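Hi,

Here is the structure I promised to pass on.

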Amino acid sequence: GPLPAEVIKLERNQGPGAAFRAGFAAALDGTSGEALVVTLEADTTSDLDALDGMLDRARSGADVVLASHHAGQLVGVGAHRRFLSRAASYAVQRTAGMRASTVSSFFRVYRASVLRDAYERHGDDLIREGGFACKAEILIKLDRMGARVAEVPVALDWSRREGASKLRVLPTVGGYARLMMRNVAARERV
């Protein structure tokens, strides 16, 4: 059926971090605390059949629900991309102490109240990374605030992909390296 949509357009491509900041600001403006905010890739690889299950997990108490392609099925994803995704997950697990198997997927459900709490605590520093590492950054900060994180296994089918990937490997690795260094430094200060 019809789905009302509001397009938030940035003047130029500023990366996923800026897109999340603008999208979250728009989504949180005028929503209730228990509203659910869904994010997903625009390249059509997200398995929308998993959304009902993800929303059910959020309605059952999870604050953040991750579409976990590591727990699900990967179709048409090359070995190089699989390695990068697994390496990012491993690095976040080791340096941030998280147990999430997928930290690099855009496909998530967030409880609006948890996002509001995160902005109250972190302000503009909630999303410091401008590139793809921002997804892990958001997750780490929400986890450290005590957010209940759940994962739902999903299929990731790159054969349905529309358009070329915007992920540039070196800047993305650099973003994860900065994020990991900040996490290690934060853990040493405690």
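**Salt bridges and a buried helix**

With 54% relative accessibility, E34 counts as exposed (over 50% is exposed, under 20% buried, and in between partly exposed, using a 1.4 Å probe and protein chains only). E34 makes a salt bridge with R111, with the closest N and O atoms 2.9 Å apart; the term means a side-chain nitrogen of Lys or Arg within 4 Å of a carboxyl oxygen of Asp or Glu. E34 sits in the loop between α1 and β1 (36–39) and R111 in strand β3 (residues 108–111), so the pair ties together parts 77 residues apart in sequence. Helices (H or I, at least four residues) and strands (E, at least two) are DSSP runs, numbered from the N terminus.

Before you read on: this is a predicted model, where local features need pLDDT of at least 70 and side-chain atom pairs count only at pLDDT 80 or more, while totals for chains, interfaces and linings use all residues. Residues are numbered from 1 along each chain as its sequence is written, and side-chain values use heavy atoms, leaving out hydrogens and water.

R111 itself is buried, at 8% relative accessible area. R111 also meets D63 in a salt bridge (3.2 Å, N to O), and D63 is buried too, at 7% relative accessibility. Through shared partners, E34, D63, R111 and R148 join into one network.

The other thing to look at is helix α5 (residues 134–144): nine of its 11 residues are buried, so α5 is largely enclosed by the rest of the structure. After α5 comes G146, with a positive phi near 95°.

Cheers
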